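Take a look at the structure below. We will start with the surroundings of the ligand and then turn to the sheet.

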Amino acid sequence: MKIMVAVKRVVDYAVKIRVKPDKTGVVTQNVKMSMNPFCEIALEEALRIRESGLASEVVAVSIGPSQCVDTLRTGLAMGANRGIHVESTASLFPLSVAKIFRKLVEIEKPDLLILGKQAIDDDCNQTGQMVAGLLNWPQGTFASKVVLDKEKRVATVDREVDDGIETVRLNLPAVITTDLRLNQPRYATLPNIMKAKSKPIKKFTPEELNVEIKSDLEIVEVTEPPKRKAGVILSSVDELIDKLKNEANVI
Ligand code: AMP
C-alpha cells in the first residue's frame with residue numbers, strides 16, 4: 001500500500017504575522033517558514049501506518065516555490081521515503097492545488113491521500129474536500145483516529161464534529177484530512193536529517209502536469225484584526241457590577 005501526504009510550506013505558527021503596508025497579503029520575506037502543523041500530523045499518521053506494516057511507501061508532496069524543497073527535506077527526515085515537488089511561484093488557491101494532486105494521484109496511484117484539515121496561512125479547509133471530489137474518492141475529514149483494514153481495503157475514521165465523534169468507513173482509495181488530536185508528530189533526529197539529504201525528490205511543473213493555475217477568486221484586501229482595548233483593574237465586585245450594568249449594558 002502506498003500513501004501520499006501533502007506537506008505545505010507556511011509561515012511558522014510561532015511567528016507574529018504582519019500585514020503588508022499595501023494590504024495585499026502578509027509579510028513572508030525574512031520570516032521563518034515551516035511545515036504546516038496539520039501536515040506534520042498527516043505525515044506522522046502515514047509513517048505510523050507504514051511502521052505498523054500496513055503500508056510500504058510514504059510519498060510527501062509539496063507545491064509552491066523552490067524553498068518547498070526544505071519542507072520536503074523535513075518530511076524526508078521525519079521518515080517519508082521520497083518527495084515530489086511541484087514548483088510554482090504563482091498564488092495557489094485550493095482548487096489549483098487539488099487539481100495538481102489529482103494529476104499526481106493519477107501518476108503515483110496511492111491507496112490513501114492524507115492532507116491537513118487546513119493550512120494555517122489561508123485557513124481555507126478546502127483542498128482535501130476538493131481533491132476527493134475531483135477524484136470521486138470517499139473522504140474522511142477532521143480525522144482524530146484512523147484504523148486501516150488492509151485485507152478489506154477499508155479505512156475507519158473517527159471525525160471530530162461539533163456534537164462529538166462521528167465514525168465513518170471508507171473504501172480505499174480514499175482521502176483523509178487530519179485534525180489536531182490525531183497524533184503527536186515526531187521530531188526529525190540528526191541522523192535522519194543527514195539521511196534525508198540523499199532521499200529522492202521528483203520535480204514537476206504545473207504545465208508538465210497539464211494544470212492551468214488560475215483562480216475565480218481574488219483577495220481584495222488583508223487587514224489586521226482590531227487591536228484589543230486595554231483592560232482596567234477594578235477594586236470591588238460592586239464596581240464590576242456597576243460597570244456591567246451602566247457602561248457595558250450587559251446585565
Ligand atoms: P487548505 O484547504 O488551503 O486549508 O489546505 C488544506 C491542506 O491541503 C493542507 O493542510 C495541506 O495538507 C494541503 N495543501 C494545501 N496547499 C498545499 C500546497 N501548496 N502544497 C502541499 N499541500 C498543500
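Strand E4 (57-64), helix H3 (94-108) and E6 each supply at least two residues of the shell around the ligand. Helices (H or I, at least four residues) and strands (E, at least two) are DSSP runs, numbered from the N terminus. E4 gives the largest share of this shell, three residues.

This is a predicted model: local features need pLDDT of at least 70, side-chain atom pairs count only at pLDDT 80 or more, and totals for chains, interfaces and linings use all residues. Residues are numbered from 1 along each chain as its sequence is written, and side-chain values use heavy atoms, with hydrogens and water left out.

How many residues surround the ligand? There are 19, and the closest are Ile63, Ala119, Asn125, Gln126 and Thr127. An oxygen atom of the ligand is 2.7 Å from a polar backbone atom of Asn125. An oxygen atom of the ligand also lies 2.7 Å from an N or O atom in the side chain of Thr127.

Now the sheet. Two strands pair if DSSP finds at least two bridges between them.

E6 (residues 112-116) and E10 (residues 174-178) run parallel, joined by five bridges. In E10, Ala174 is the bridge partner of Leu112.

Technical notes. A residue is near a molecule or strand if one of its heavy atoms lies within 4 Å of it. A polar contact is a pair of N or O atoms within 3.5 Å; within protein, one must be able to donate a hydrogen and the other to accept it, and residues adjacent in sequence count only if both atoms are side-chain atoms.
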